[in-house]
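These notes are meant for someone opening this structure for the first time. Please read the numbered points with the sequence and the model side by side.

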Amino acid sequence: MKRTQLNLVLLVLVAGLGAAAYFGQKKEEKGTPLTALTADTLTQIALEHPGRPKILLKKSGSQWQLLEPVQADTDPFEVSALVGLATVEAKRRIPVAEVKLPELGLQPAAYRVRLNDTVLDMGEIEPIEARRYVLAGNEVALIDDPPSAALDADYSDLVSKALVPDTAEIVKIELKEFQVVRSADGKAWSMLPLLPAAATTAPQQLAEAWKGARAMWMAAELPEGSSGDPVRLTLKDGRVIELLVAERDPQLVLARPDLKLRYTLSKALEPELLTLSAARAQPKQPSVDVPAQTGSPAY
């Protein structure tokens with residue numbers, strides 16, 4: 001090959017590499033938000049799955065509350081996935097007239113989300129970029145598939161993992177073998193019956209353990225005929241939380257019948273939540289060997 005031809009081939013290769021680098025670095029044009037709503041203007045969210053109870057959340061002040069199918073505090077992290085749906089980027093928009101809705105899983109829809117008065121029908125996942133079809137008004141949008149845990153029919157994912165509300169104060173804890181009660185002035189705790197083996201600080205530590213307890217995960221179905229040792233927590237505002245110790249192994253499972261929920265907690269929390277022991281309240285101090293003295297003491 002002559003040098004002139006070789007130089008021409010090299011020039012073409014360099015140009016091709018440059019073009020590939022340019023187009024490879026070129027970013028995809030950013031799409032518009034899925035809806036005109038923002039996190040501040042969003043005050044109500046509803047999830048409607050075929051054949052399942054509606055899930056309804058409403059915002060009160062800065063906090064979201066679950067109102068249906070049960071009333072409960074919510075998990076901020078999980079709710080943020082729902083709130084974020086309002087402003088998620090629509091990667092592409094297609095007029096309804098240009099598509100066949102049944103082929104996209106939108107007629108009927110897999111499920112429906114209502115953000116205030118805005119209706120979003122959720123369809124199937126497109127196979128190329130794994131984005132979900134969403135029918136919004138007269139358009140079908142393609143969005144990154146949102147987290148399924150927040151949007152599925154199991155409301156337990158949306159419930160707060162705290163057993164006791166963060167803003168609540170416990171005034172009484174009733175377990176199978178004993179109970180602890182906070183004094184009217186809130187400065188002391190007493191135990192009934194008085195357990196000689198328990199340290200005087202054990203009741204307060206028990207209350208603090210319950211206040212800080214968090215579930216590792218939740219389940220929305222109680223096994224049929226759920227039973228177990230009862231736990232009753234009375235809060236300062238008069239609310240009462242009733243639980244059952246459903247399982248102790250391999251993890252601690254507490255059932256809450258009024259919410260039809262099961263809280264799965266670490267096995268390590270069992271002694272902290274269910275016992276009043278001196279060993280837990282007052283850790284054993286290491287012994288110190290004192291050398292024996294010889295001779296007469298000096299004065």
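**Notes on buried residues, cores and pockets**

1. Leu 101 is found in the loop between β5 (92–95) and β6 (111–115), where strands (E, at least two residues) and helices (H or I, at least four residues) are DSSP runs numbered from the N terminus. The model is a predicted one, in which local features need pLDDT of at least 70 and side-chain atom pairs count only at pLDDT 80 or more, while totals for chains, interfaces and linings use all residues. Residues are numbered from 1 along each chain as its sequence is written, and side-chain values use heavy atoms, with hydrogens and water left out.

2. Is Leu 101 buried or exposed? Leu 101 has a relative accessible area of 12% and counts as buried, a word that here means under 20% relative accessible area, with exposed meaning over 50% and partly exposed in between (1.4 Å probe, protein chains only). Leaving aside neighbours within four places in sequence, Leu 101 is in contact with Val 96, Leu 106, Gln 107, Leu 135 and Val 140, contact being heavy atoms within 4.5 Å. Leu 101 and Tyr 133 are 32 residues apart in sequence, and their C-alpha atoms are 9.6 Å apart in space.

3. The largest nonpolar core has 66 residues, of which Leu 57, Val 113, Leu 120, Ile 173, Trp 210, Leu 243 and Tyr 263 touch the most other members; such a core is a set of buried Ala, Val, Leu, Ile, Met, Phe, Trp, Tyr and Cys residues joined through side-chain atoms within 4.5 Å. Helix α4 (residues 202–212) gives the most to this core, with 5 residues. Apart from this core lies another, of 9 residues, among them Leu 104, Tyr 133, Leu 135 and Val 140. In soluble globular proteins, nonpolar side chains tend to be buried together.

4. Leu 274, found in helix α5 (residues 270–274), counts as buried because its relative accessibility is 13%. From C-alpha to C-alpha, Leu 274 and Trp 210 are 9.4 Å apart, although 64 residues separate them in sequence.

5. For the protein as a whole, there are 6 helices and 17 strands, and 36% of the 299 residues count as buried. Among contacts between residues at least 6 apart in sequence, 56% join residues at least 24 apart.

6. The largest pocket holds about 600 Å³ of space. A pocket is an open set of points on a 1 Å grid over the protein atoms alone, where a 1.4 Å probe fits, with protein on both sides within 12 Å along at least five of seven lines, and lining residues have an atom within 4 Å of a point; the volume is the space filled by probe spheres set on the points, which are joined across faces, edges and corners. Of its 30 lining residues, Gln 65, Asp 73, Thr 74, Ser 160 and Pro 165 are the closest to the centre of the largest pocket. β3 gives the most to this lining, with 5 residues.

7. The second largest pocket has a volume of about 230 Å³, and the residues that line it include Arg 52, Pro 53, Tyr 155, Glu 221 and Lys 260.
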